[in-house]
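Student: I have a model open and would like to learn how to read its features. Can we go through it together?

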Amino acid sequence: MSGRGARSLGSTAFPIPFTHTRQTQPAPQRQDRSNVLQIRNLTKIYEDGTVALHDISFEVKDGEFLVIIGLSGSGKSTLLRCINRLIEPTSGQVIWDDVDITAANQGELRRIRRQIGMIFQHFNLVKRLPVLTNVLTGRLGYVSTWRSILGRWPREDRERAFRNLELVGIAEKAYNRADELSGGQQQRVGIARALMQEPRLLLADEPVASLDPATSHSVMKYIEQLNREMGVTVLCSLHFLSLARTYATRIIALKAGEIVFDGDPLDIDDRRFKEIYGEEAVEVEIR
Ligand SMILES: Nc1ncnc2c1ncn2[C@@H]1O[C@H](COP(=O)(O)OP(=O)(O)O)[C@@H](O)[C@H]1O
Ligand SMILES: [Mg+2]
């Protein structure tokens with residue numbers, strides 16, 4: 001597929017601008033998808049003795065939109081960052097596509113990380129650089145260092161960066177400095193940057209926590225469409241249960257580093273909600 005003429009995400013016919021062979025095939029049915037990610041007995045104890053994750057195990061199917069919920073400090077960021085080893089787990093295994101990420105050497109890790117995109121609560125853009133350059137840095141896993149230092153990005157990469165900005169609806173901002181954009185627009189740049197890797201897995205750590213409710217939905221909808229239309233498996237942490245219910249195909253709830261719920265969003269009733277968030281908590285709606 002050439003990918004020319006990419007339109008915004010959300011258009012009915014969605015021309016996929018990527019070269020994955022998976023995407024040229026019809027989307028597989030959710031029920032017979034295989035496990036692409038296995039988390040086995042994962043434990044993280046920080047140097048000060050804090051047990052952030054305690055013996056966590058679960059599996060993720062190809063194409064799932066898995067939302068991780070839990071109070072602040074429950075271990076969501078630690079879990080997401082242990083998956084691509086931005087944080088080194090203390091023990092346990094992370095198996096991605098039959099490859100043990102936890103046992104990978106630096107070269108292998110670099111290759112694995114190309115398949116795993118990440119977006120962050122505070123966007124992590126280089127504020128004074130143009131949007132386009134920020135998006136292109138998503139390509140760093142592929143481009144040789146000297147080329148990127150000199151700003152000599154291959155033409156295909158520049159074209160891809162523009163297509164990804166079109167997908168998230170902000171191509172006209174390509175030459176603006178990143179800090180001239182609103183929060184929602186900056187997170188869309190974050191998504192476009194992650195897309196440069198053509199990820200098969202997207203890790204999103206509270207991607208909308210810095211945004212207002214309406215903008216939150218607009219950003220979540222882009223992530224949802226990557227999941228539905230490109231088949232990217234998503235692991236996304238969210239603070240609010242109502243957002244999780246809207247977008248998740250499955251929810252895992254963490255409490256003090258342990259899994260206290262794993263299942264269908266619809267099965268989180270009042271009792272379960274109080275188990276996860278505490279007796280005092282009340283659910284708020286994000287519209
Ligand atoms: N670098 C660190 N050193 C020590 N403790 C940490 C560090 N990062 C996080 N923690 C602790 O680990 C626990 C889980 O934190 P985190 O994964 O950030 O939770 P969440 O993302 O759900 O808010 C918390 O108790 C937090 O204080
Ligand atoms: Mg966090």
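**Reading strands, core and helix**

Tutor: Begin with contacts, where two residues count if their C-beta atoms, placed from the backbone, lie within 7 Å. Neighbours within four places in sequence aside, V67 contacts C236, L238, A244, Y247, A248 and I251. This is a predicted model: local features need pLDDT of at least 70, side-chain atom pairs count only at pLDDT 80 or more, and totals for chains, interfaces and linings use all residues. Residues are numbered from 1 along each chain as its sequence is written, and chains are lettered from A and ligands numbered from 1 in the order in which they are written.

Student: Which residue is the bridge partner of V67 in β8?

Tutor: Strands (E, at least two residues) and helices (H or I, at least four) are DSSP runs, numbered from the N terminus. Two strands pair if DSSP finds at least two bridges between them. The partner of V67 is C236. Strand β3 (residues 65–69) runs parallel to β8 (residues 233–237), with 4 bridges. β3 also pairs in the parallel sense with β9 (residues 250–255), again over 4 bridges, and there L66 stands opposite R250.

Student: Which residues of β3 are buried on each side?

Tutor: In a regular strand the side chains alternate between the two faces of the sheet. A residue is buried if 20 or more other C-beta atoms lie within 10 Å of its own, exposed if 12 or fewer, and partly exposed in between; C-beta atoms are placed from the backbone. In β3, F65, V67 and I69 are buried on one side, and L66 and I68 on the other.

Student: Which residues touch the most other members of the largest nonpolar core?

Tutor: A nonpolar core is a set of buried Ala, Val, Leu, Ile, Met, Phe, Trp, Tyr and Cys residues joined through C-beta atoms within 7 Å. The largest has 70 residues, and L66, V67, I69, V135, L203, I223 and V234 touch the most other members. Helix α7 (residues 213–230) gives the most to this core, with 6 residues.

Student: In what order do the strands of the open sheet lie?

Tutor: The order is β2-β1-β4-β5, with antiparallel pairing. β2 (51–61) and β5 (99–100) are the edge strands, each pairing on one side only. Between β1 (residues 35–45) and β4 (residues 91–96) there are 5 bridges, and R40 stands opposite Q93 in β4.

Student: Why is helix α1 largely enclosed?

Tutor: Of the 8 residues of α1 (residues 76–83), 6 are buried, so the rest of the structure largely encloses this helix. Those buried are K76, T78, L79, L80, C82 and I83.
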